[in-house]
Amino acid sequence: MADAVRDVIIIGSGPAGLTAAIYTARANLKPLVIEGEISSSGDQPGGQLMLTTDVENYPGFVDGVLGPDLMATFRAQAARFGAEYRTEKATRVDLSSRPFRVWVGDDEHRARSVIVSTGARSLMLGVEHEIELIGSGVSTCATCDGFFFRGRDIAVVGGGDSAMEEAIFLTKFADKVTVVHRRKHLRASKIMQDRAFTNPKIEFVWDSVVSELVGDTKLEGVRVRNVQSGEESTLAVTGLFVAIGHAPNTDLFRDQLDMDDAGYLLTHAGTRTSVEGVFGAGDVQDHVYRQAVTAAGSGCMAAIDAERWLESQAHAGDTAGTPSEW
Amino acid sequence: MDNVTTLSDATFDEEIKATAEAVLVDFWAEWCGPCKLISPILEEIANEHPGKLRVGKLNVDDNPAVARRFEVMAIPTLILFLDGEPKKRLIGAKGKGQLLQELEEFL
């Protein structure tokens, strides 16, 4: 069963999707936001900010704001102007014919335009037992699980801002946090590097990668290999937090929208994708900036692009006799 | 809510044995975002299955002993108890559909 054809469907509900929802709702386009499914990963309603605590760099909040609180206000703001939500995952899309179709299970939704803002998710290490040990030492959510490592020794893998943020946050609980990074220098911003280097609980293991997880039912240690010397050693840690980068959530759009080699959506002339009427916003098309504020900005751009495109189609319809549905 | 009980270190053993229904214990904390998301869903599931399932809320901040006893190292963790015995463990937040699927045999 399909409902009426809508002006716009927004897939994804991080800062990009919800800002697009605010703008399209205020433009009276009555957006349907398919906001994703609840999980403990960054691929969930509200997006990656749901797994953070203090956001100190979102403009407008002198004293910072909690990530989940920020996203709750975005969502409420869009709802105030009439945005509708489905708290489920889009399972299939057909962007090859018009109106575009988006499925949630067996439910079919149709729209004249689609804004894709499905974001990115954290990469895992891909070593053996990693998935089985989630919740038993391996964590995908430092803010959720850090508490359980009070007085323990733990490891954080990665060298960027997210890794430093997690390491610093985890020193609130852990006795010692060892950062394992595959290079000799951090990629993190100066301010985060300074905070990490001056934190007495943080140690660094350079030029190294995690090669193996030790422990059957719970994590007892990690094997670390030095990529320069090939030397292996074991860190006796009971917790492992991974922050080694991101991959875009674009599986749904494979073979339908143009992407780069890493799977990020290619956009041009603002937020246009390779299919006219489909727009991309936020981390799903941005592996460079990846900030809440840049995602929100591009969500606004996508909403304005979609609104203008819909207008141009409506006028074209006046003369070309497009079906009334258009 | 009638189908949702607050548990504590002191009352835990007594409460999970006091009923013939399955008790789904929700290990949670105030600072855990995903915990807040599943909380209303668990309440819904309990209310939709009266006589079958109750939800027991256990705040891990205030009740570290029970959390430690069941080796909870991530939240939300859900452990389903039947006749006082742990029968199933679910780690991480999940949507309603997925939760119902995982709990099917007890509903």
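This short talk walks through a few features of a two-chain model, beginning with a strand in chain A and ending with a loop in chain B.

Please keep in mind that the model is predicted, and that local features need pLDDT of at least 70, side-chain atom pairs count only at pLDDT 80 or more, and totals for chains, interfaces and linings use all residues. Residues are numbered from 1 along each chain as its sequence is written, while chains are lettered from A and ligands numbered from 1 in the order in which they are written.

Let me start with strand β11 of chain A, residues 153–157, where strands (E, at least two residues) and helices (H or I, at least four) are DSSP runs numbered from the N terminus. Four of its five residues are buried, so β11(A) is largely enclosed by the rest of the structure; buried is said of a residue with 20 or more other C-beta atoms within 10 Å of its own, exposed of one with 12 or fewer, and partly exposed of those in between, with C-beta atoms placed from the backbone.

Which strands pair with β11(A)? Strand β12(A), residues 176–180, pairs with β11(A) in the parallel sense over five bridges, and there A:D153 stands opposite A:K176. Strand β17(A), residues 239–242, also pairs with β11(A) in the parallel sense, over four bridges, with A:L240 as the bridge partner of A:A155. Pairing here requires that DSSP find at least two bridges between the strands.

Turning to the helices, α4(A), residues 161–170, packs with α5(A), residues 190–197, at an angle of about 35°, the axes lying 10 Å apart; these axes are lines fitted to C-alpha atoms over the stretch in contact, and angles run from 0 to 180 degrees between N-to-C directions. Residues that meet here include A:M164 and A:I168 in α4(A), and A:M192 and A:A196 in α5(A), a contact being C-beta atoms, placed from the backbone, within 7 Å. The residues of this contact divide into five nonpolar, one polar and three charged, where Ala, Val, Leu, Ile, Met, Phe, Trp, Tyr, Cys and Pro count as nonpolar, Asp, Glu, Lys and Arg as charged, and the others, Gly among them, as polar.

Between the chains, the contact takes 19 residues from chain A and 17 residues from chain B. On the chain A side, the largest share, three residues, comes from helix α3(A), residues 142–145.

Finally, B:P50 sits in the loop between α2 (33–48) and β3 (53–59) of chain B. Is B:P50 buried or exposed? B:P50 is exposed, because 11 other C-beta atoms lie within 10 Å.

How values were computed: Two residues are in contact if their C-beta atoms, placed from the backbone, lie within 7 Å.
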